[in-house]
Amino acid sequence: MDVKTPEPQRRPTLRQEQANLTRTRIRDAARRLFVRDGYAATTLKAIAAEAGVAVQTVYAVFGSKSAILTELRWMVVDLPEADAARQEAMRAAAAEERLSRFAYSIRLRWEAAGDIVQVNEDAARTDPAIAAEVRPAEERRQAGIRAFARAIVDDFDLPLDAARVAAMVDALTMYHLYAQLVRVHRWTPDEYQSWLRGQLVAAVHPGDPDSPEDGRQP
């Protein structure tokens, strides 16, 4: 029986590489302006100038400002390092280890893309169409938190209400809290991660002697 040799993947052409580079430049420029000036105040002309391309190029690549925001939004969902950390957390053999690794995954997600979350929320307040697009993403986040809470209660036979655990995890892991501690109060991401780990452990294991008292110690 003949065994077919898989065809080698074709390398992108120079034209494709240039197109991808242009797309990335436009997207990154828009991200900087959305964060600095706000979504509503940012124009396609400003994005083009920031990216160093013609306005017509922005239209040709994305078509609209909202399409750029949509692509940025998917960057929050598709974060391989944060996703891998969460999967590793779910394989943890002890509840505290799972919570610790989960805290690390949240830190990675907000470090990499928390600003995009803020931009989307700000845009949703003034644009009903964006609000409708953001809502399913938030529903997926909530579903993920409920699944995480249910798993940790069931896997470790904890005498806790999964819905209550989910509510606490939801509140503790919101981006606004990360931004307040890291961006406003100048905590380091390591300090945030340590604090979050302590709060999560305290929520699941009240009175745990290994939980940090002030939340800023590992």
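Visitor: Why is W195 called buried?

Guide: W195 has a relative accessible area of 13%. Buried means under 20% relative accessible area, exposed over 50% and partly exposed in between, with a 1.4 Å probe and protein chains only. The value of 13% lies under that limit, so W195 is buried. The model is predicted, so local features need pLDDT of at least 70 and side-chain atom pairs count only at pLDDT 80 or more, whereas totals for chains, interfaces and linings use all residues. Residues are numbered from 1 along each chain as its sequence is written, and side-chain values use heavy atoms, with hydrogens and water left out.

Visitor: How do you know that the chain is built of helices?

Guide: Helices are DSSP runs of H or I with at least four residues, strands are runs of E with at least two, and both are numbered from the N terminus. By this rule the chain comes to ten helices and zero strands. Of its 218 residues, 40% count as buried. Contact means heavy atoms within 4.5 Å. Among contacts between residues at least 6 apart in sequence, 62% join residues at least 24 apart.

Visitor: How do you know that the length of helix 10 agrees with its number of residues?

Guide: The expected span of a helix is 1.5 Å times one less than its number of residues. For the 16 residues of helix 10, residues 189-204, this comes to 22 Å, and the end C-alpha atoms are 22 Å apart, so the two agree. The buried residues of helix 10 include Y192, W195, L196, L200 and V204. Among the elements that cover the buried residues of this helix are helix 6 (95-126), helix 8 (162-172) and helix 9 (175-184).

Visitor: What makes Y192 and W195 a tilted pair?

Guide: Rings of Phe, Tyr and Trp (its six-membered ring) pair if their centres lie within 6.5 Å; planes under 30 degrees apart count as stacked, over 60 as edge-to-face and the rest as tilted. The structure holds seven aromatic pairs. The ring centres of Y192 and W195 are 6.3 Å apart and their planes stand at 35 degrees, so the pair is tilted. Y192 and W195 are three residues apart in helix 10, so about one helical turn separates them. Y192, at 0% relative accessibility, counts as buried.

Visitor: Why is the pair of W187 and W195 called edge-to-face?

Guide: The centres of these rings are also 6.3 Å apart, but the planes of W187 and W195 are at 75 degrees, which is over the edge-to-face limit, so the pair takes that name. W187 is buried, and so is W195. Ring pairs link W110, Y175, Y178, W187, Y192 and W195 into a cluster.

Visitor: What makes a space a cavity, and how many of 30 Å³ or more are found?

Guide: On a 1 Å grid over the protein atoms alone, a cavity is a set of points where a 1.4 Å probe fits but cannot get out, a pocket is an open set with protein on both sides within 12 Å along at least five of seven lines, and lining residues have an atom within 4 Å of a point. Grid points are joined across faces, edges and corners, and a volume is the space filled by probe spheres set on the points. One cavity of 30 Å³ or more is found in the whole structure. The largest cavity is lined by R31, F34, V35, L69, L72, I116 and V119. Helix 1 gives the largest share of this lining, three residues.

Visitor: What is the volume of the largest pocket, and which residues are closest to its centre?

Guide: The largest pocket has a volume of about 750 Å³. Of its 27 lining residues, V76, R109, W110, A137 and R141 are the closest to its centre. Helix 6 supplies the largest share of the lining, nine residues.
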